[in-house]
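Open the model in your viewer and keep the selection tool at hand. This tour goes stop by stop, telling you what to select and what is there.

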Amino acid sequence: MTFNRLALRFAVSYALLGSGWVVVSDRLMLALAPDLLVYSYIGSWKSLVFVVASSFVLYLAVGWLQTKAHNPATNLLPDIDRGALILVFALLACSIVLVGLGGVAYTANNQKKQEVERLRAIADLKSGQIAAWLTERWNDAIVLRGDTVLSDLYATWRRSGNQANRAKLAEKLEIYRNAFNYQNILLIDENGNVVEAHSGAKHPSAPILIDTVRRAIETGEIQLTDLYRMHAPASSHVHLDFVTPLQTAEGEAGLAAVLRIDPYHFLFPFIQSWPVPSASAETLLFRRDGDAVLFLNELRYRSDTALKFRMPMTTSDLLAVQALEGRATTEGVVEGVDYRSVPVLGVVKPIEGTAWHLVAKLDKNELYAQAKKEAGWIALVGTLAVVIAAAAVGLIYQRQELRFSQAQRRQQAEKLQALQLLDAIVDGSTNAIYAKDAAGRYLLVNRELSRFVGKTESEMLNRDDTAFFQPVDAERLMKSDRDVMNADHVATTEEMLRTLGGVRTFLTTRGPLHDAEGQVIGLFGIAQDITERKHQEREIRASEAKLRAIFDGVNDAIFLHDAETGAIIDVNTKMTEMYGYDRQSARQLSMSMLSADSQPFSDECAEKWFASANAGETPVFEWLARRRDGTHFWVEMSMRRVRFFGHACILVFARGIEDRKKVEGILQEQAKLLELIGMLSLAVEQCPISIVITDAAGNIEYVNLQLTEVTGYSEQDLIGRNLCFLRSSHAPTDEQWQLWKTIASGQEWSGAIQNRRKNGELFWENERILPVRDANGRIANFLVIKNNSTAW
């Protein structure tokens with residue numbers, strides 16, 4: 001009857017363990033496995049290993065039951081120990097399997113995270129570069145719109161109809177096309193007619209281009225067509241056009257310039273490229289087209305698909321459909337199938353300023369290929385571990401019977417040794433160690449506690465805290481003891497006590513003591529004196545606060561770099577104000593991201609300065625820095641190698657010098673202007689032709705040396721007098737009036753006129769009088785150029 005009860009116990013235990021394994025392991029795998037594909041790799045293996053392990057458990061159990069039935073006197077160990085040993089093996093085998101399953105799941109999850117990060121980085125890189133590329137093309141269109149020469153050439157040609165003027169216009173278009181590297185540049189009027197193209201080709205315009213041209217002319221703004229195909233056989237190529245309106249004369253038809261881009265030159269090859277070798281990785285560009293997804297670029301596994309291949313929006317598990325319906329995660333991660341109906345993992349990014357979306361994807365078979373290999377190795381190792389565990393259990397049972405009798409003999413010796421060791425540890429410890437009964441009386445005290453209290457061990461035993469501490473401290477200590485015993489758990493607290501050495505701070509760990517039945521009979525305590533450590537911590541916090549205040553109070557931007565890696569460790573508040581980054585973002589930046597990244601402000605130049613500082617020099621130099629918004633500004637940089645909390649760092653100061661650079665620029669321009677004015681003044685003064693400058697009323701403000709030599713008057717004689725002062729009295733009045741009327745109207749006058757020298761001698765001069773206008777267009781002065789005429 002005993003045998004039957006024991007067998008029943010093993011059978012029930014096995015049934016419970018087996019059913020629990022099936023339920024728990026399946027749920028655990030569903031929770032751990034990142035994908036059902038991974039679950040399929042390891043589901044069969046876990047079941048197989050469990051069958052092997054459980055078969056071995058049954059073998060051991062049946063063997064032990066048969067041995068007990070036939071030779072009950074040969075078993076030295078109690079039945080409970082044998083059952084526990086079997087249970088331990090079963091749990092150990094289950095644990096090995098669970099660890100293996102967890103390892104596979106972890107490997108798969110880790111592989112998935114790595115691939116997601118790689119796909120996200122690739123998607124961010126490609127979407128960012130495409131957006132930047134579109135922005136560059138937009139800036140090209142802005143430059144073209146602001147070119148009045150192009151509009152003037154077009155107007156001249158339209159008015160004259162001259163083929164030479166048309167050739168100049170075509171040459172201008174060719175210059176722009178070569179400069180910006182476009183497939184073609186066309187001039188199209190508001191009716192969609194191609195007026196001119198660099199190659200002379202005038203294929204009919206597509207409807208989408210005609211609509212975009214009209215919209216650009218109507219709004220006066222630059223417009224962008226979507227990617228489109230021409231249906232005409234001669235131009236069935238994919239196009240992407242930037243349309244910029246041009247100025248035309250009033251009454252003429254509106255005109256726009258079309259910058260035509262060949263997507264096969266950069267966009268499609270860039271999208272199709274992949275930075276690392278991969279058997280299935282691919283980047284797709286797509287957008288919604290009514291009730292379908294339209295793929296914009298050429299696909300890896302299908303040819304001639306750009307703007308031709310569509311899939312219905314009803315394909316709910318398609319990556320592109322999920323992205324367009326907003327079912328991607330906040331990080332853009334999507335899982336589903338691609339256009340081949342193959343399970344894939346992808347990261348989707350929208351292209352700024354367009355209706356396009358970009359997805360970087362990878363087949364799940366490739367994603368989990370490494371995980372599948374590692375799952376095989378884990379299965380092999382797990383199986384071997386179960387076999388080893390089974391062998392170990394058998395060996396343990398055989399040796400356990402032998403050791404059982406020896407254990408009893410050693411038990412007393414071990415207990416004595418343990419007590420001696422414990423006494424040595426307690427008495428030699430630098431921490432105060434004690435034990436109390438439930439009433440708070442000391443049962444054990446070590447030498448360090450006796451020193452703190454100033455009492456011997458015998459004086460402290462069987463007495464409570466009221467005998468050694470002040471009432472307030474004693475009551476607090478005894479309350480803490482009661483709380484630990486009532487809660488029946490270990491607790492660690494900081495306490496301040498008045499001792500013979502003054503007020504000290506202790507880090508005290510208390511724990512309950514139990515009897516054989518598990519009842520709390522007292523507590524133990526270990527108190528470490530941390531007074532000096534607390535003092536040091538307060539000083540460190542105060543020093544850190546002062547250092548941070550100084551660090552953030554400096555009016556220069558400060559960077560603290562790791563001397564070995566160059567990584568930014570910390571920045572001050574002024575840096576965040578100057579560069580536009582918060583502290584957390586700044587720590588992720590590289591030197592190139594904070595520089596103009598153009599010679600001599602490139603990453604290579606920055607690294608040379610950094611190396612110079614690392615070598616012990618203290619370089620000071622001017623640098624063109626870049627803010628978060630992309631704008632550039634001048635700073636004066638200084639670097640120094642320092643040790644910060646024992647770590648080698650490079651301390652960098654950046655002082656804004658924008659105002660200084662502006663003043664230097666103004667002074668340089670003024671110096672050049674003064675030099676030019678001096679040269680011009682010297683040329684006028686030494687000119688062999690007489691030159692006079694008057695105000696708007698004809699009063700002389702300047703004469704050159706030649707005039708004084710010709711007339712005999714000095715500069716002082718002439719300045720302030722009216723120009724008529726030099727005229728002969730024989731000059732007809734109506735001619736003088738006609739001259740003044742001509743120049744007063746803003747026109748130039750030239751002719752011969754009779755003047756009088758200081759000695760009264762009359763002579764003829766060829767004069768040319770030109771009006772000089774101010775910034776508002778009003779006549780401010782007259783320039784008179786005189787040349788002695790020998791013909792009169």
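A residue counts as buried under 20% relative accessible area, as exposed over 50%, and as partly exposed in between. Keep those cut-offs in mind for the stops below. The model is a predicted one.

**The whole chain**

Start with everything shown. The protein has 792 residues, and 40% of them count as buried. It holds 21 helices and 27 strands. Among contacts between residues at least 6 apart in sequence, 48% join residues at least 24 apart.

Select Asp-304. Its loop runs between strand E8 (292–295) and strand E9 (310–312). Is Asp-304 buried, partly exposed or exposed? Its relative accessibility is 45%, so Asp-304 counts as partly exposed. Now check the backbone: phi is positive at Asp-304, about 50°, though the residue is not a glycine. Most residues other than glycine have a negative phi.

Next, select Asp-488, in the loop between helix H13 (471–487) and strand E15 (491–499). Here phi is positive too, at about 55°, and again the residue is not a glycine. Asp-488 is partly exposed, with 38% relative accessible area.

**A nonpolar patch**

Select Trp-377, Leu-380, Leu-384 and Ile-388. Together they form a nonpolar surface patch with about 470 Å² of accessible area. Zoom in on Ile-388, which belongs to helix H10 (residues 369–428). Ile-388 counts as exposed because its relative accessibility is 57%.

**A five-stranded sheet**

Color strands E18 to E22. Five strands make an open antiparallel sheet, in the order E19-E18-E22-E21-E20. Which strands stand at the edges? They are E19 (568–571) and E20 (620–626); each has a single partner strand, so one side of each lacks a neighbour in the sheet. From one strand to the next, the twist averages 35°.

Now look at E21 (residues 632–644) beside E22 (residues 647–656). The two run antiparallel and are joined by 10 bridges. Pick Val-635: its bridge partner in E22 is Gly-656.

**Salt bridges**

The structure holds 44 salt bridges. Begin with Glu-331 and Arg-120, whose closest N and O atoms are 2.5 Å apart. This pair links distant parts of the chain, 211 residues apart. Glu-331 sits in the loop between helix H8 (319–324) and strand E10 (333–337), and Arg-120 in helix H3 (residues 79–145). Glu-331 is partly exposed at 46%, whereas Arg-120 is buried at 12%.

Move to Glu-196 and Arg-166, a salt bridge with its closest N and O atoms 2.7 Å apart. Glu-196 is in strand E2 (residues 194–197) and Arg-166 in helix H5 (residues 163–180), so the pair ties together parts 30 residues apart in sequence. Glu-196 is buried, at 3% relative accessible area. Arg-166 counts as partly exposed, at 23%.

Arg-587 lies in the loop between helix H16 (583–586) and H17, and Asp-570 in E19, so the pair ties together parts 17 residues apart in sequence. Asp-570 is buried at 11%, and Arg-587 is partly exposed at 30%.

For the last stop, select Glu-282, Asp-338, Arg-340, Lys-361 and Asp-363. Salt bridges with shared partners join these residues into one network.

Conventions:
Residues numbered from 1 in each chain as written. Predicted model: local features only at pLDDT ≥ 70, side-chain atom pairs only at ≥ 80, totals over all residues. Heavy atoms only, no water. Patch = residues over 30% accessible without salt bridge, like charges linked within 9 Å, V, L, I, M, F, W, Y side chains within 5 Å. Areas by Shrake-Rupley, 256 points an atom, 1.4 Å probe, with all protein chains shown as cover. Salt bridge = Lys/Arg side-chain N within 4 Å of Asp/Glu carboxyl O. Helix = DSSP H or I, 4+ residues; strand = E, 2+ residues; numbered from the N terminus. Buried < 20%, exposed > 50% of the residue type's maximum accessible area, 1.4 Å probe, protein only. Pairing = 2+ DSSP bridges. Axes fitted to C-alpha atoms, helices over the stretch in contact; angles between N-to-C directions. Contact = heavy atoms within 4.5 Å.
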